[in-house]
Structure formats: C-alpha cells, structure tokens
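The sequence and the model are shown first.

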Amino acid sequence: MSHLRLTMLISGKVQGVCYRASAADMANSLGVTGYARNLPDGRVEIVAEGSPASLVSLRQWCRDGPPSAIVDKINATEGSATGEFNNFGVR
C-alpha cells in the first residue's frame with residue numbers, strides 16, 4: 001500500500017483550544033505520522049503521512065477538531081510521502 005503526504009492549513013478558532021494535541025491523538029490512533037504546529041497568523045498547519053484511508057479520516061476529523069474549535073476553512077494539498085517522520089508530534 002502506498003503512503004501519501006497531506007498538508008493542511010486550518011483557519012478559524014484553532015489556537016488555544018487544544019487543536020494540535022487533539023489532532024496528534026487522532027493521528028496517532030490512525031497510524032499517521034507527521035506534525036501539527038501553530039502558525040503566527042493564527043492558523044494550524046498539519047503535515048501528515050499515511051495510507052489514503054487514514055488521511056481521509058484525519059481530514060474529516062480536522063473539519064470539526066476538538067469541541068472548543070471553530071474551523072472556518074481547510075486548505076489541503078496532497079503529494080508523495082517522504083517517510084521522514086517516525087511518529088506524529090506537536091511542534
């Protein structure tokens with residue numbers, strides 16, 4: 001099975017609501033590697049690598065995020081996995 005890389009920029013009320021930690025929990029439960037980090041402009045960036053099915057599940061979760069989050073928009077791009085990550089972490 002081929003792995004893909006999904007990069008998402010999530011806009012809305014996504015900082016200060018445990019979005020990154022919750023995304024990491026979800027990614028780890030799906031067997032996805034990569035990271036989530038806050039950006040200076042208030043967005044969260046998620047770079048994730050995994051199976052196509054696991055990335056679809058992660059992207060679906062990101063549409064809502066944790067209970068306190070309000071997601072306005074997700075810009076996503078897909079590409080080939082690089083295999084550079086051993087786990088999914090918060091930066």
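The report below treats the sheet, a helix, the salt bridges and a few individual residues in turn.

The structure is a predicted model. Its five strands form an open sheet in the order S4-S1-S3-S2-S5, and the pairing is mixed. From one strand to the next, the twist averages 15°.

| Strand pair | Sense | Bridges |
|---|---|---|
| S1 and S3 | antiparallel | seven bridges |
| S2 and S3 | antiparallel | six bridges |
| S2 and S5 | parallel | three bridges |

Individual residues show how these strands are placed against one another. Val47 in S3 stands opposite Thr7, and Tyr35 also stands opposite Val47. Tyr35 has a further bridge partner, Gly89, in S5. The strands S2 and S3 form a hairpin in which five residues lie between them, and Gly42 in that turn has a positive phi of about 100°.

## Thr33 in strand S2

Strand S2 comprises residues 33-38, and Thr33 belongs to it. Is Thr33 buried or exposed? Its relative accessibility is 17%, and because buried means under 20%, Thr33 counts as buried. Leaving aside residues up to four places away in sequence, Thr33 touches Val47, Ala48 and Glu49, together with Phe85, Asn86, Asn87 and Phe88.

## Helix H1

Helix H1 runs over residues 19-30 and has twelve residues.

Four residues of H1, namely Tyr19, Ala23, Ala24 and Ala27, are buried. Seen down the helix axis, the buried residues fall within an arc of 130°, so they line one face of H1. An α-helix has 3.6 residues a turn, so residues three or four places apart point the same way. On the other side of H1, Asp25 and Ser29 are exposed.

Which elements cover the buried residues of H1? The cover includes strands S1 (4-13), S3 (44-50), S4 (70-80) and S5 (88-90), and also helix H2 (52-64).

The two ends of the helix may be considered next. Cys18 lies in the loop between S1 and H1. Most residues other than glycine have a negative phi. Cys18, although not a glycine, has a positive phi of about 65°. With a relative accessibility of 56%, Cys18 counts as exposed. Just after H1, Gly31 takes a positive phi of about 75°.

## Salt bridges

How many salt bridges does the structure hold? There are four, and three of these are described here.

In one of them, the side chains of Glu49 and Arg5 meet with a distance of 2.9 Å, N to O. This pair links distant parts of the chain, since Glu49 is in strand S3 and Arg5 is in strand S1, 44 residues apart. Both Glu49 and Arg5 are buried.

Arg5 also forms a salt bridge with Glu84, and here the closest N and O atoms are 2.8 Å apart. This second pair again links distant parts of the chain: Glu84 lies in the loop between S4 and S5, while Arg5 is in strand S1, 79 residues apart.

A further salt bridge joins the side chains of Arg43 and Asp41, at 2.8 Å, N to O. Arg43 is partly exposed, with a relative accessible area of 25%. Salt bridges that share partners join Arg5, Glu49 and Glu84 into one network.

## Summary

In this predicted model, the sheet is open and has five strands. Buried residues line one face of helix H1. Arg5, Glu49 and Glu84 belong to one network of salt bridges, and Glu49 is also among the residues that Thr33 touches.

How values were computed
Residues are numbered from 1 along each chain as its sequence is written. This is a predicted model: local features need pLDDT of at least 70, side-chain atom pairs count only at pLDDT 80 or more; totals for chains, interfaces and linings use all residues. Side-chain values use heavy atoms; hydrogens and water are left out. Buried means under 20% relative accessible area, exposed over 50%, partly exposed in between (1.4 Å probe, protein chains only). Contact means heavy atoms within 4.5 Å. The expected span of a helix is 1.5 Å times one less than its number of residues. The arc is that of the directions from the helix axis to the C-beta atoms. Two strands pair if DSSP finds at least two bridges between them. Axes are lines fitted to C-alpha atoms, for helices over the stretch in contact, and angles run from 0 to 180 degrees between N-to-C directions.
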